[in-house]
Amino acid sequence: MTMRLPTHLVIGALLRRVNDSGGLAVVRARGEAQGGAVLILIAEGRGLHAVERMRGLDDRDMLVPAGPSGADSAGIEEYWRNRRRGDPDLWVVELDVPHAERFVAETIL
C-alpha cells in the first residue's frame, strides 16, 4: 500500500499553488487532518462541477467525477453538503482558476 501525505498538508499545498498563480482556492469544509477524503469543487463560468480523489484498484490515487451529472451549482452545493453530513472527515475545497484539474492532479495525486 502506498503511503499518502496527511490531507491537511496536501490541501495547504494546493491552496498555495492556486493562490500563487492568481486563482482563488477556498476551503469550504475542513475534514480530518491526517486522512480525510478530498472533494474538489471547480468553478467554471457561473457553474460548478466536482471531482474527488479516490484510490484505484492499482493502489494509486486518481480523480473521478463526483456528484450528480449535469447538476447546476445548487445541485452540487446540495451534493457536497449531504456528503459532509454523512462524512464529517470530508474536506471540501473550491477552486476558481484556469485548468483547475491540472493543479489538483499535480498536487494531490
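Q: Which strands and which helix do the buried residues of H1 pack against?

A: In this predicted model, the buried residues of H1 pack against strands E1 (24-29), E2 (38-44), E3 (47-55) and E5 (91-96), and also against helix H3 (100-108).

Q: Which residues of H1 are buried?

A: The general idea is that an α-helix has 3.6 residues a turn, so residues three or four places apart point the same way. In H1, the buried residues are Thr7, Val10, Ile11, Gly12, Leu14, Leu15 and Val18.

Q: What should the 14 residues of helix H1 span?

A: The reasoning is that each residue contributes 1.5 Å, so the 14 residues of H1 (residues 7-20) should span 20 Å, and the end C-alpha atoms, which are 20 Å apart, agree with this. Just after H1, Gly22 adopts a positive phi of about 95°.

Q: Which residues touch the most other members of the largest nonpolar core?

A: Among the 18 residues of that core, these are Ile11, Leu14, Val18, Ile40, Val93, Leu95 and Val104. H1, E2, E5 and H3 are the elements that give two or more residues to this core, and the largest share, 5 residues, comes from H1. Leaving aside neighbours within four places in sequence, Leu14 is in contact with Ile40, Val93, Leu95, Phe103, Val104 and Thr107.

Q: What is the order of the strands in the open sheet?

A: The 5 strands follow the order E1-E5-E2-E3-E4, with mixed pairing, and the edge strands, E1 and E4 (61-66), each pair on one side only. E1 and E5 run antiparallel and are joined by 5 bridges; Leu24 has Asp96 in E5 as its bridge partner.

Technical notes
Residues numbered from 1 in each chain as written. Predicted model: local features only at pLDDT ≥ 70, side-chain atom pairs only at ≥ 80, totals over all residues. Heavy atoms only, no water. Helix = DSSP H or I, 4+ residues; strand = E, 2+ residues; numbered from the N terminus. Expected span 1.5 Å × (residues − 1). Buried < 20%, exposed > 50% of the residue type's maximum accessible area, 1.4 Å probe, protein only. Contact = heavy atoms within 4.5 Å. Core = buried A, V, L, I, M, F, W, Y, C linked by side-chain atoms within 4.5 Å. Pairing = 2+ DSSP bridges.
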